[in-house]
Amino acid sequence: MMKFKGTHTRCAVAVAAACFSSAAMSNDSVTLQVQPSQMVQGGTGLIQTPTSRMGEEGDLFINYTDNQEYRFWSVNLQLYDWMQATARYTDVRTRLYSDVPSFSGDQTLKDKGLDVKFRLLKEGFYFPEVSLGFRDFGGTGFFESEYVTASKAWGPFDFHLGLGWGYMGTADDITNPFCKLKDSYCDRPTGFSGRGGKVDYQQFFKGPMAVFGGIEYQTPWEPLRLKLEYEGNNYTNDRAGALEQDTRFNIGAVYRWKGFDFSANYQRGNTFGFGVTYHFNMNTAKQVKIDKPPRDIVQSKPATGVDSVNKRRLYRDLAFDGGFILSDASIEEDKAIFYGNQIAYRDKNEAAERIGRIAASELPESVKSYHIVENAGRLPLVDTVIDADAFKVAAKYEDIEADIKQTYTRQAPEDNVLDKYDPEKTSGLFHSVDFFYTQTFGNPEDFYLYQGGLILSGGYAINQNWTAISSIRATLFDNFDKFSFTVDQDTSTLPRVRTYVREYVENDLWVDTAFMQWNDSLGNDFFAQAYGGYLETMYGGAGGEVLWRPVDSSLAFGVDINYVKQRDYDDQFSFLDYTAFTGHISAYWEPEFLDDTMLTVSAGQFLAKDKGVNIDFAKRFDSGIVVGAYAAFTDVSSEEYGEGSFTKGFYISVPLDLFTLKPAKGRGTFPWIPISRDGGQMLRRPARLIDFTNARSSFLD
């Protein structure tokens, strides 16, 4: 990196303008439309300033940028076509993380930031696109800003104009109009407590205000875009210290190669910067599969009667071609019922069509309905009823308007279906091996801490309802030996329900769970479970849960209650003295106005005996990837809680199917918890009925 004091940026701007003009004149016959790109701090924008532009729904941008005093790592996600979110880590090269060398040595200061942007108005023929955004709105507020910006495209040019408050308004170009309405908007409060985690809504749209904007130009050479911006920050109050600004104009260029963007810029008239971005779309992400196509029933010769059905071949094909492992079956003159577990196809429509084609190929014409009863374990959950005659018409393309999806319905298994369920084998051993990887960013001891290894799970199914389950965590690699955190603050009044984490992760071999579980259907869409034993890494005890969940309903409700005791981190088969009752009433909602979204609200008592609510937001994309965030708000004050002010975290759940050449079910979840303290902590129950009954919903397809 190089910094040139006193460089006259007018020359650079003039050169950029000349390039724009020249390119425009040589491009009379071809019009290329500029595509949005990422700015330095993450999010669609120019260089230091945002624009109103949005990406395609599901776009994920992973960014690294460097501009001398700062380095930024950021992830930008287009959750909906009208909403964009950015999570960012900032490395301040000019400051140390701590003044205490024994705590963090010479590591430079790190900071987390969150941004969000909403589109208010779509671009039209006459009107620009308009968006409202909040930068670094929670926490330390290094770059806290609010802004309104408008964008209008004209051929290969994209013009942007915005108004900024906070960090982007320090140039103080114009009088804040809200100041005319109320005196409290004339000055921006600076009463940050130092603990972070809070949303400083009392500062929104207050204090100085500035104009920013610029132009982005798509050159005739498609991989290259050029940028010119005028920013609203004067850099006098930066966390890196007051920075010299010779001009408010910045220039830059972006080169796109496959899924990467490489950027270079010249800022403030004296500083060079660069960056790289990797981009993919979580709606369209997929893996090529080596798989047989669905059965062609045009050439098939079904049995002439029920007695002539080749059941051995039918059941084998259901497993190998339909991914459906039978636990029981009943074939009668007018209907066939198959009970089992779908192990291959995440998409419920694909699974139903494949099984329907196999049944239509093997069963006689007298069979008018196929029932596919999907189980959880050995417990029937949902019955997909296929109208055989209508299905065959659609599958053979005998009616061009016929739709296979319209030939079957999903419903709760009725009594006449459940009465015939008598699986021969409901007991037996089972086992699995899974890889785990946990990580945390921005720690004072080391920016990146990680732990990886294997989860060895197994158990014994005693019967249809009772199961004994255990799992062992074996750490293969980690750097948690650098993790020196022991307690948030000496004056904390909260019991240490989670902050003994270092002591637990130091054990390379640990029995995570060992418990007995009972579950059953209570009828009328109610389910129940009870469990007892070692329930998670840090707690043992007993508990139970009841859930109401109709098939494909947008609403579900559950109640759980647990009595737990803290496990001894020095002896995994012993306990410490701390005990607690914890439990929650939970509502699960898939709102119609938010596509493929689940909101979970759980109210009750947490592990530290604090009371409040945990809110979980999860968004599913077409690929099956789920991105989520949660936050817990309890009667614990931010001072009692400590740094971070309240519990919050993020996660991404990725289907195994995206990494295999054969269709497969199963998921891996990767959490990110910025700061974990003792308030607002939930028991990590070893089994949740909302997961157990997932076959009743299409959310995790």
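1. An aromatic cluster comes first. Ring pairs link Tyr70, Phe72, Phe142, Phe143, Tyr167 and Tyr235 into a cluster. Note that the model is predicted. Across the whole structure, a search finds 41 aromatic pairs.

2. The ring centres of tryptophan 165 and phenylalanine 205 are 5.0 Å apart, and their planes meet at 85°, so the pair is edge-to-face. The cut-off for that label is an angle over 60 degrees. Tryptophan 165 belongs to strand β7 (residues 157–166), while phenylalanine 205 sits in the loop between α3 (177–181) and β8 (209–218). The two residues are 40 residues apart, and the pair links distant parts of the chain.

3. The threshold for buried is under 20%.

4. Two charges sit over rings. The charged end of arginine 496 lies over the ring of tyrosine 500, 4.0 Å from its centre. Lysine 206 lies over the face of tyrosine 185, at 5.4 Å from the ring centre.

5. Next, the nonpolar cores. The largest has 26 residues. Within it, Leu314, Ile331, Phe338, Leu363 and Tyr370 touch the most other members. Two or more residues each come from α4 (311–320), β13 (324–331), β14 (335–342), α5 (348–362), β15 (369–376) and α6 (388–395). Helix α5 gives the most, with five residues.

6. What does leucine 363 touch? Leaving aside residues up to four places away in sequence, leucine 363 touches Pro302, Ala303, Val309, Leu314, Ile331, Ala336, Phe338 and Tyr370. A second core is separate and holds 19 residues, including Leu132, Phe204, Met209 and Leu594. In general, nonpolar side chains of soluble globular proteins tend to be buried together.

7. Eight of the eight residues of β15 are buried, so the strand is largely enclosed by the rest of the structure. Both of its faces are covered. One side carries Ser369, His371, Val373 and Asn375. The other carries Tyr370, Ile372, Glu374 and Ala376. Strands β14 and β15 run parallel, joined by six bridges. Isoleucine 337 has histidine 371 in β15 as its bridge partner.

8. Glu129, Ser131, Gly133 and Arg135 are buried on one side. Val130, Leu132 and Phe134 are buried on the other. Leu132 is also among the members of the second core.

9. How is β5 paired with β4 and β6? Strand β4 (residues 108–121) runs antiparallel to β5, and five bridges join the two. Arginine 119 stands opposite serine 131 in β5. Strand β6 (residues 145–154) pairs with β5 over seven bridges, in the antiparallel sense. Here glutamate 129 has serine 151 of β6 as its bridge partner.

Methods
Residues are numbered from 1 along each chain as its sequence is written. This is a predicted model: local features need pLDDT of at least 70, side-chain atom pairs count only at pLDDT 80 or more; totals for chains, interfaces and linings use all residues. Side-chain values use heavy atoms; hydrogens and water are left out. A nonpolar core is a set of buried Ala, Val, Leu, Ile, Met, Phe, Trp, Tyr and Cys residues joined through side-chain atoms within 4.5 Å. Buried means under 20% relative accessible area, exposed over 50%, partly exposed in between (1.4 Å probe, protein chains only). Helices (H or I, at least four residues) and strands (E, at least two) are DSSP runs, numbered from the N terminus. Contact means heavy atoms within 4.5 Å. Two strands pair if DSSP finds at least two bridges between them. Rings of Phe, Tyr and Trp (its six-membered ring) pair if their centres lie within 6.5 Å; planes under 30 degrees apart count as stacked, over 60 as edge-to-face and the rest as tilted. A charge sits over a ring if NZ of Lys or CZ of Arg is within 6 Å of the ring centre and within 35 degrees of the ring normal.
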